[in-house]
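Please look over the model below with these notes beside it.

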Amino acid sequence: MSPPFALGTLCVHAARESDATTGAVAEPIHLSTTFERDADGGYPRGYRYIREGTPNRAALESCVAALEGGTAAVAFGSGLAASMAVWQLLGAGDRVVVPIEGYHGTLRQLHEYVRARGVEVRSADFRNTAAVAAALRDGARMVWIETPANPLLSITDLAAVSSLGRRAGAWIACDNTFATPVCQRPFDHAVDLVVHSATKYFGGHSDVMGGLVVIRDDAALLERIRQWQVLAGAVLAPFDCWLLRRSLATLALRLRAQCATALELALFLAAHPAVERVYYPGLPEHPGHAVAAAQMPGGFGAMLSFGVRGGREAALTVAARARLFRRATSLGGIESLIEHRASIEGPDSKTPQNLLRVSIGIEEPRDLIADLSLALA
Ligand SMILES: Cc1ncc(COP(=O)(O)O)c(C=O)c1O
């Protein structure tokens, strides 16, 4: 399935056929680790051994490729296993240009593991296209983008940075976890690889971990990522693939509701006297708003952060008083979460100490607003 179907239709139908032998409409879970050969030694059904591929993994990968508009996707055991696969494209002497702001686990991979392999990891402020251009002055093998970025929801201009990277001879990779293909389609902006933590919106119910690399059209890149998947062995179990494919059916429905609620909450928080600042790209005062409005046609996402007047203690008190928002890390589930981000990132965190990050779920907006209203009172 491919366009002209709308995204919400693809979520339901992409790579989801009724079972050929039983007619079951819901996809069965194939737990088998091994698949039978024909008498002549061939594998006419395409499956040989679980690490190399399974029907449930194939369904998940095809569905995500269709949603992002890429040619193929490769599934991993977590979002960080997926980004680790991307770093394998780099070798000693290569340069990767990365943002200062991003998921702290990804940045730790880059600064601790990728650098140790002899790759130059050069950081720039991706909110500023001129700073990215300066970082690319000597060329680069790869540019890594995360937009909106953790934890301040900063926006990178995808088209501008892709074109700079391309001119510098780099592959462009984008972590699209926060936006999902519902809000933003990086392949429309000449990105080569899209990476997801499927643990977030794809799973959507805080009960499954996974990651994906989606390839726009480069067959050689796909081959290298697939080879890493099979040989590193960081693959998903069939049940996890099944859970993810099942949840993707409601991705567009969930995201649209979550984005609308996030905007309502951002407006509420921006007008609240106990709030110092709101970080949400849907607000006109957000520095990246104009770029976000252009490159996120499906919505501004359902993640937002805010600074509480009174510093760290005041922020921790607000989080402690919330009743409906659960105090937990992660994001993208049906339930709203609130977290004091600096303390989860550890002692080296540069995140403001008064910052609370929230992941908006699918609850009714008025109940979430009432909860934050009481917590901030
Ligand atoms: C934007 C982003 N990318 C990647 C990851 C890593 O994903 P995982 O926890 O599935 O390894 C996270 C996790 O929070 C994230 O927020």
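Predicted model: local features only at pLDDT ≥ 70, side-chain atom pairs only at ≥ 80, totals over all residues.

1. Start with the helix pair. Leu80, Ser83, Met84 and Trp87 of α3 meet Gly105, Thr106, Gln109, Leu110, Tyr113 and Val114 of α4. By class, this contact has six nonpolar residues, four polar ones and no charged ones.

2. Helix geometry. Two packed helices are described by the angle between their axes and the distance between the axes. Here, α3 covers residues 79-87 and α4 covers residues 104-114. They pack at about 40°, and their axes are 10 Å apart. That angle makes α3 oblique to α4. The crossing of α3 and α4 is right-handed.

3. Sheet order. The sheet is open and has seven strands. Read across, the order is β1-β7-β6-β5-β4-β2-β3, and the pairing is mixed. The edges are β1 (72-76) and β3 (120-124). Each has a single partner strand, so one side of each is left without a neighbour in the sheet. Neighbouring strands are turned by 20° against each other on average, direction ignored.

4. A parallel pair. Strands of a sheet pair through backbone hydrogen bonds, either parallel or antiparallel. Strand β4 (residues 142-146) and strand β5 (residues 171-175) take the parallel sense, over five bridges.

5. Antiparallel pairs around β7. What sense does the pairing of β6 and β7 take? It is antiparallel, over five bridges. Leu193 stands opposite Ile215 in β7. Five bridges also join β1 to β7, and these two strands run antiparallel. Ala73 stands opposite Val214 in β7.

6. Burial of β7. Is β7 enclosed or open? Five of its five residues are buried, so β7 is largely enclosed by the rest of the structure. In a regular strand the side chains alternate between the two faces of the sheet. In β7, Gly211, Val213 and Ile215 point one way. Leu212 and Val214 point the other way, and all of these residues are buried.

7. Helices on the sheet. Which strands does α3 lie across? They are β1, β4, β5, β6 (193-197) and β7 (211-215). α3 runs at about 155° to β6. For α4, the strands are β2 (95-99), β3 and β4. α4 runs at about 145° to β3.

Conventions
Residues numbered from 1 in each chain as written. Heavy atoms only, no water. Axes fitted to C-alpha atoms, helices over the stretch in contact; angles between N-to-C directions. Helix = DSSP H or I, 4+ residues; strand = E, 2+ residues; numbered from the N terminus. Parallel < 35°, antiparallel > 145°, perpendicular 65-115°, else oblique. Left-handed = near helix turned anticlockwise from the far one by under 90°. Contact = heavy atoms within 4.5 Å. Nonpolar A, V, L, I, M, F, W, Y, C, P; charged D, E, K, R; others polar. Pairing = 2+ DSSP bridges. Buried < 20%, exposed > 50% of the residue type's maximum accessible area, 1.4 Å probe, protein only.
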